[in-house]
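Dear colleague,

Please find below the structure that I am handing over to you. My findings follow it.

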Amino acid sequence: MYVLSDSHYRLTGLLPLFLLGAVLGRVGHTTARTQRATAALGLLAGCGWLVGKALHWSTDPGRWVDNTHDVALSALVFAAVCAAAGAPALLGVVSRAVLRPVAVIGTVALSTYALQFVLLVLLVRHGPAWLPFGWRPAAVFVAACLLVSWWWARLVGTGPLEWALGALSGRALLQRQPARG
């Protein structure tokens, strides 16, 4: 239980945002009203983040500044993706072409997250002495993980954790049943 409630682990802070995104994705996220409300929430949270930073409030995980930062980023990105999905035909074709690789990577997102976690733990604990730390190796690490995720999703299909969740939740069985009618 400590792993879930520890302020350094992002699950408890980000899980509500993932769940909200899943709900909005199911109920019609491309409506103009939803896009405006989500963008307004993002801007409001961004203002709250700026106020917290200006007042030098704690930026520790789980605190006001950290949470408003997460909400602002999540809401603004969600609004932008929804706007792209509901864009007029020509802009929609372009945005869908640009976002298609992101959508493919999204089909193995949980497995990618777990892979990154395991690799980071191994690199930190048992990394070679020559391995540099900094933003450049981090950028290479992220790009390599995204490339492997894209490759896996295109050539293999479902990620191992996504497959396991589908099997455990019964979703795989529901998809195999013939349509009635």
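In what follows, two residues are in contact when heavy atoms of theirs lie within 4.5 Å. Please note that this is a predicted model.

I begin with the chain as a whole. The chain holds nine helices and zero strands, and its elements, read from the N terminus, run α-α-α-α-α-α-α-α-α. Of its 181 residues, 20% count as buried. The accessible surface amounts to about 13,300 Å², and carbon and sulfur atoms account for 72% of that area. Where contacts join residues at least 6 apart in sequence, 63% of them link residues at least 24 apart.

Gln116 belongs to helix H6, which covers residues 109-126. Apart from neighbours within four places in sequence, Gln116 touches Phe141 and Cys145. Although Gln116 and Cys145 are 29 residues apart along the chain, their C-alpha atoms are separated by 7.1 Å.

H6 also packs against helix H8 (residues 160-169), with an angle of about 125° and a distance of 6 Å between the axes. The two helices are therefore oblique to each other. Their crossing is right-handed. On the H6 side, the residues that meet H8 are Ala109, Leu110, Ser111 and Ala114; their counterparts in H8 are Pro160, Leu161, Glu162 and Leu165. By class, this contact comprises six nonpolar residues, one polar residue and one charged residue.

Yours sincerely

Methods:
Residues numbered from 1 in each chain as written. Predicted model: local features only at pLDDT ≥ 70, side-chain atom pairs only at ≥ 80, totals over all residues. Heavy atoms only, no water. Helix = DSSP H or I, 4+ residues; strand = E, 2+ residues; numbered from the N terminus. Buried < 20%, exposed > 50% of the residue type's maximum accessible area, 1.4 Å probe, protein only. Areas by Shrake-Rupley, 256 points an atom, 1.4 Å probe, with all protein chains shown as cover. Axes fitted to C-alpha atoms, helices over the stretch in contact; angles between N-to-C directions. Parallel < 35°, antiparallel > 145°, perpendicular 65-115°, else oblique. Left-handed = near helix turned anticlockwise from the far one by under 90°. Nonpolar A, V, L, I, M, F, W, Y, C, P; charged D, E, K, R; others polar.
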